[in-house]
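Visitor: I have just opened this model and would like to learn how to read it. Could we walk through a few features together?

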Amino acid sequence: MIDVDGAQVGVIPTRDALKLAEERGFDLVEVAPNSAPPVCKIMDFGKYKYQLSKKHTAKKTIDVKEIKIRPQIGDHDLQLKVRNIRRFLDDGNKAKVIMFFRGREMARTDLGMKVFEKLTQLLEGKFSVEHTPKLEGNHITMVIGPGVK
């Protein structure tokens, strides 16, 4: 079975099919070798292989990396978290910063917001705050993405 220009021609001897492909400047490619009779297609094999390689190339996926902090975080610990966030942003990923409150800490959520302000001041450079710090239940979340401020 031969497929020429999207139309199935029927059963053609191999020599005639090769001659037809050569006249048109294309290749005779066996598409389904296990069927009876084998199915061939007249096409540009180089273009076909190129399109397959483009289809299978790995695309960069953006991951969301999570960083957990506490309201009473120390300065050195906060700088360490900022360094990790910068590393994530430089790799092209997003960073989701989560601050959990326990028990009586819920009465002082303003302290948590001050930590987030300090965090954004320490993060200087090319980044964008995609979701501003927001209190949701017993935690505050903020999403930072790579890009221009």
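Visitor: How many aromatic pairs does the count come to?

Guide: Happy to start there. This is a predicted model, where local features need pLDDT of at least 70 and side-chain atom pairs count only at pLDDT 80 or more, while totals for chains, interfaces and linings use all residues. Residues are numbered from 1 along each chain as its sequence is written, and side-chain values use heavy atoms, leaving out hydrogens and water. Rings of Phe, Tyr and Trp (its six-membered ring) pair if their centres lie within 6.5 Å; planes under 30 degrees apart are stacked, over 60 edge-to-face, and the rest tilted. The count here comes to 1 aromatic pair. The ring centres of phenylalanine 45 and tyrosine 48 are 6.2 Å apart and their planes stand at 35 degrees, so this pair is tilted. Both residues lie in helix 2 (residues 45-55), 3 residues apart, about one turn of the helix. Helices (H or I, at least four residues) and strands (E, at least two) are DSSP runs, numbered from the N terminus.

Visitor: How do I read a sheet, and in which order do the strands of the open sheet come?

Guide: Strands of a sheet pair through backbone hydrogen bonds, either parallel or antiparallel. Pairing requires that DSSP finds at least two bridges between two strands. In this model 4 strands form an open sheet in the order 5-6-8-7, with mixed pairing. Strand 5 (64-69) and strand 7 are at the edges with a single partner strand each, so one side of each has no neighbour in the sheet.

Visitor: In which sense do strand 7 and strand 8 pair?

Guide: Strand 7 (residues 127-136) and strand 8 (residues 139-146) are antiparallel, joined over 7 bridges. Across this pairing, valine 129 stands opposite isoleucine 144 in strand 8. Their hairpin has 2 residues between the strands, and glycine 137 there takes a positive phi near 70 degrees.

Visitor: And which peptide bond is cis?

Guide: Most residues other than glycine have a negative phi, and most peptide bonds are trans. Here the bond from alanine 36 to proline 37 is cis, with omega near -10 degrees. Proline 37 sits in the loop between strand 3 (27-32) and strand 4 (39-43).

Visitor: Last one: which residues in helix 3 meet helix 4?

Guide: Contact means heavy atoms within 4.5 Å. Asp75, Leu78, Gln79, Val82, Ile85 and Arg86 in helix 3 meet residues in helix 4, namely Val115, Lys118, Leu119 and Leu122.
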